[in-house]
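Please look at the sequence and the model before reading on.

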Amino acid sequence: MTMEAKGYTQDGTVDLQGRPMLASETGKWKACAFLVGYEAFERMAFYGIASNLVNYLTTQLREDTVTSVRNVNNWSGAVWMTPILGAYIADSYIGRFWTFTVSSLVYVMGMVLLTLAVSLKSFKPSCRNGVCNKATDSQIAFFYLALYTIAIGAGGTKPNISTFGADQFDDFDPREKELKVSFFNWWMFSSFLGALFATMGLVYIQENLGWGLGYGIPTVGLILSLFIFYLGMPVYRHKVRKTKSPAKDLIQVPICAFRNRKFELPNNPLELHEFELQHYINTRKRKVHHTPLFWFLDKAAIKEGSGSTMEPSRPPCTVTQVEGAKLVLGMLLIWLVTLIPSTIWAQINTLFVKQGTTLDRSLNSSFSIPAASLGSFVTLTMLITVPMYDRYFVPFMRQKTGNPRGITLLQRLGIGFVIQIVAIGIAYMVEVRRMHAIKVHHIAGPKEVVPMSIFWLLPQYMLLGIADVFNAIGLLEFFYDQSPEEMQSLGTTFFTSGIGVGNFLNSFLVTMVDKITGRNGRTSWIADNLNKSHLDYYYGFLLVLSTINLGVFLWASSKYIYKKEFIEQKEGCVQIELKPKDTSPLGLQV
């Protein structure tokens, strides 16, 4: 009797004790309901720090603008880069659940340390009338120790919680696979909710009621969300690791291909080494169809006796293994063209905030909007756009294209990149207007308020929010969907590491632009006194970079070939999961 006939999941998922799971009683949104709570609170904690960190560094620790922007970018970069290690540990050793469990405790410890760093007198610089003394070396060291403890914890939680959620849907069950199409949209929706509370509520609390309370609230929320997470343990599905070290193939394939570099490839790809389809059905693995992309790697699958000198102790790689390596190379190509968009995104928590502090932020005589709170409009826009995208745009486009997602994953990214270019173009124009107002009103002091409402910045924030619905969700889904089966946690780190490298790249650009433009006594484009700087030039520079990057993206996406898998649907019937070729003018293949 098959697993399906017994009512068990068809993808081989088990409980923590290794027992098969009943499909009707486990997984799906029933399980994900416990996970989204953690995601919302974790994002609230992260954005509660990231969105206003530049202000804490400049006002409390008295760092200059360039140093504070660089430190924010370096920390954000670390938060988004450490998932590479966390994903590797999960895929190769202890699995997603246990990696998440250990890392979440480190994350909470970091939040507790950070709350202490901004609350206890011995850990923070003393302030009088809003002016703080310079922090001691030990105070700075303790503060950054707490920040980077959070970064280490995020390394194990970020790549595994979303993929663990996606694991709750059985790809071998057509009904569950259909539910999974919307998973990443609503997963990010919960993430946006946490970010919204951080940028609207926590930022105000930090600046008006105290930094300790502003960091203490998300710390308590994070601890509460972990209790909720563990309540769902009976209904969680866990994927069994079928390969001891899935990342090993990434090294083995190019080595075998290099060893066979002098031999001719067979004219027919079917002559390359591959297991019978029944092997994959029996082991519940997926056989990946051969593609012509990166053909030189196919030499790793040349059979013994076909001109190869492969030793019996070193069997050739299978076509599926080779295609896994090709997938990673293809994703790397797409990853490279996401770095500039990630650099644009980094402006939200850095220069956009500093720009906002120079503008008129008062709503009335007694209330002023914290500059960092404008980031809440990014999140609000996302929260409005995600349901519209999922409920209206996808069904409408599905009728037009026949694609279950409405549009292809790369088309989704392309649309997001175009909107982002429009956003940075508007940011440039608004900054030109701000500079004009400074000139007309003869403003020179660093703390003088430019007579221009902070709401002039609203369009650039909102457009970046719309762009992120296409970009952030699209990238997360793309890298999960296109990863080799055994490397999906590691695959999603393409998403997180892209954001991380984007932050480091922004840090590098800000530092270099400041040094180059500030030579020979000239005023830097990004000086401490933004009223004498030229942020408009820097935004123009980013606009040119983004436009060039879009052209490179269109080229890279036209070369990309999507993953093709053989999947057993019913007993005795095997289907090859192929994605129809897209004939759109963008030339983005599916």
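## Aromatic pairs

Rings of Phe, Tyr and Trp (its six-membered ring) count as a pair if their centres lie within 6.5 Å; planes under 30 degrees apart are stacked, over 60 edge-to-face, and the rest tilted. By this definition, the structure holds 40 aromatic pairs. One of them joins Phe 478 and Phe 479, an edge-to-face pair with 5.2 Å centre to centre and 70° between the planes.

Phe 478 counts as buried because its relative accessibility is 0%; Phe 479 is also buried, at 0%. Here buried means under 20% relative accessible area, exposed over 50%, and partly exposed in between (1.4 Å probe, protein chains only).

## A ring cluster

Ring pairs link Phe 34, Tyr 38, Phe 97, Trp 98, Phe 100, Phe 164, Phe 229, Tyr 230 and Tyr 236 into a cluster.

## Trp 75

Trp 75 belongs to helix α3, which spans residues 65-81; helices (H or I, at least four residues) and strands (E, at least two) are DSSP runs numbered from the N terminus. The relative accessible area of Trp 75 is 0%, so this residue is buried. Leaving aside residues up to four places away in sequence, Trp 75 has contacts (heavy atoms within 4.5 Å) with residues including Phe 46, Leu 53 and Tyr 148.

## Basis and confidence

This is a predicted model, in which local features need pLDDT of at least 70, side-chain atom pairs count only at pLDDT 80 or more, and totals for chains, interfaces and linings use all residues. Residues are numbered from 1 along each chain as its sequence is written, and side-chain values use heavy atoms, with hydrogens and water left out.

The predictor's confidence in each residue, pLDDT, runs from 0 to 100. Its mean for the protein chain is 83, and 90% of the residues reach 70 or more. Over residues 569-590, however, the pLDDT is below 50.
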